[in-house]
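Please check the points below against the model.

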Amino acid sequence: MNNYINGKWQEIGTGHYTAVLNPATGEEIAQVRLSSTKDVDTAVSAAKRAQKEWALVPAPKRADYLYEIGRVMKEKKEHLARVLTTEMGKVIEEARGEVQEGIDMAFYMAGEGRRMFGETVPSELQDKFAMSVRAPIGVVGLITPWNFPVAIATWKSFPAIVAGNTFIWKPATETPLMAFEMAKVFDEVGLPKGVANIVFGAGAEVGTALIEHPDVRVISFTGSTETGRHVAETGGRHLKKVSLEMGGKNAVIVMEDADIELAVEGILWSAFGTAGQRCTACSRVIVHKDVKAELEQKLLKAMKPLTIGNGLDESVKIGPVINQKALEKIASYVEIGKQEGAKLLAGGEILKEGVLSKGHYYAPTLFSDVRWDSRLAQEEIFGPVISLIEVESLEEAIDVNNSVVYGLSSSIFSKDINKVFQAQRDLDTGIVYVNAGTTGAEIHLPFGGTKGTGNGHRDSGVAALDVFTEWKSIYVDFSGKLQRAQIDNS
């Protein structure tokens, strides 16, 4: 699998490849190029040349390409979903949802081609006009993770396209096939050469080269907080605009007046969807002491029928985790939880029986009696592990929710409108759900978080345009004389 640069498949580079494995079966499904800094230079040069002309294309015309991209993705939805499940492991139902998210993003951002609003304001001087407009920035670098190999890429690339930028996309080496498929979509719709460029390879080589390249003006990164901190430090030294979307330690709050059955549904979907490998996954359940026992028992009952296996099987509800390293990390945190005194109620093991032995599967896991300040409750696990934390009041629940270094998503189940409004105000997260789990963001609202989750920028919604545009203020003086603001009108 070679790089896609300037509208062509390029074979330049190191000549080294790494295997892409199906996490459900362990089988090799592709070989992906490990690119060099030379590949990045080639891609950036192509993108820089293309951007000068692309920026002059009217935004509604740029949007027409996104409408076509959305149309083609819609036609290929089932094929794309099956490729996604094969390389990443999430169950086919979720894969279809992720592809649909990309389709929605294409159509939404295409609409922004006619809504890229600026402002006109009254000037303080006579015979003078004042306005602001959005301007493209130039060449942008996109670094995306393996857990949402197409959705997150569309959150970043589509607003970049409609805003008049060109981009180089470095997908995760674990999941390059969706980038390969998207390159074919770009080709099919006739996206001008050099607007979209894809360079495969490791973050240490390709990612670093993108961040340090003087002609790459913006870096949009989604991944771990540890890596994101390095991206911010490196980008900051080069005075780049850097947008970070990083980790989470998300919690569902269940109050004493909650609909417990609904809460159970929301918790299971949030905790075990994508085998817990979402930045918005629920890993903490903060439950009022009056309903803790009931919630615990109903969670255990609801977990028993969950089917685990290859995500291409329509009956399967939980697929594999991405690789052996992920399995080992999850298992290590389960041991930490035991050592800290948490009570293991279900799961807590790597699944090795039968066909599961060939893939990377971890049993859905439930801990009870977890201390709010324990490592199990504070650190991101990125797997199907739930920690039950008991509290005595809403105020305590909010404090526990806010105690972690992350601030991505939170949720509250309650029928009390007063509690709901207090929670949505005081929960220190970028996303708050009421009577729903911690996952399910929609593409027309900003996506991102506070504290260790991000650095103030957002993916999705109109806010995404702020990452890929600069504000330009324009003053037109038609008085025929020099007028000095704040001086001649004082």
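1. The second largest cavity is lined by Gly 248, Lys 249, Asn 250, Ala 251, Arg 284, Asn 401, Val 404, Tyr 406, Gly 407, Leu 408, Ser 409 and Thr 429. Strand 12 (250–254) and strand 19 (406–407) are the elements that give two or more residues to this lining. A cavity is a set of points on a 1 Å grid over the protein atoms alone where a 1.4 Å probe fits but cannot get out, and lining residues have an atom within 4 Å of a point. Strands are DSSP runs (E, at least two residues), numbered from the N terminus.

2. The model is predicted: local features need pLDDT of at least 70 and side-chain atom pairs pLDDT 80 or more, while totals for chains, interfaces and linings use all residues. Residues are numbered from 1 along each chain as its sequence is written, and side-chain values use heavy atoms, without hydrogens and water.

3. The volume of the second largest cavity is about 50 Å³, and that of the largest is about 70 Å³; a volume is the space filled by probe spheres set on the points, which are joined across faces, edges and corners.

4. Three strands form an open antiparallel sheet in the order 5-6-23; strands pair if DSSP finds at least two bridges between them. Strand 5 (119–122) and strand 23 (469–477) each have a single partner strand, so one side of each lacks a neighbour in the sheet.

5. Strand 6 (residues 128–136) is joined to strand 23 by nine bridges. One of the residues involved is Pro 136, whose bridge partner in strand 23 is Thr 469.

Technical notes. Helices (H or I, at least four residues) and strands (E, at least two) are DSSP runs, numbered from the N terminus. On a 1 Å grid over the protein atoms alone, a cavity is a set of points where a 1.4 Å probe fits but cannot get out, and a pocket is an open set with protein on both sides within 12 Å along at least five of seven lines; lining residues have an atom within 4 Å of a point.
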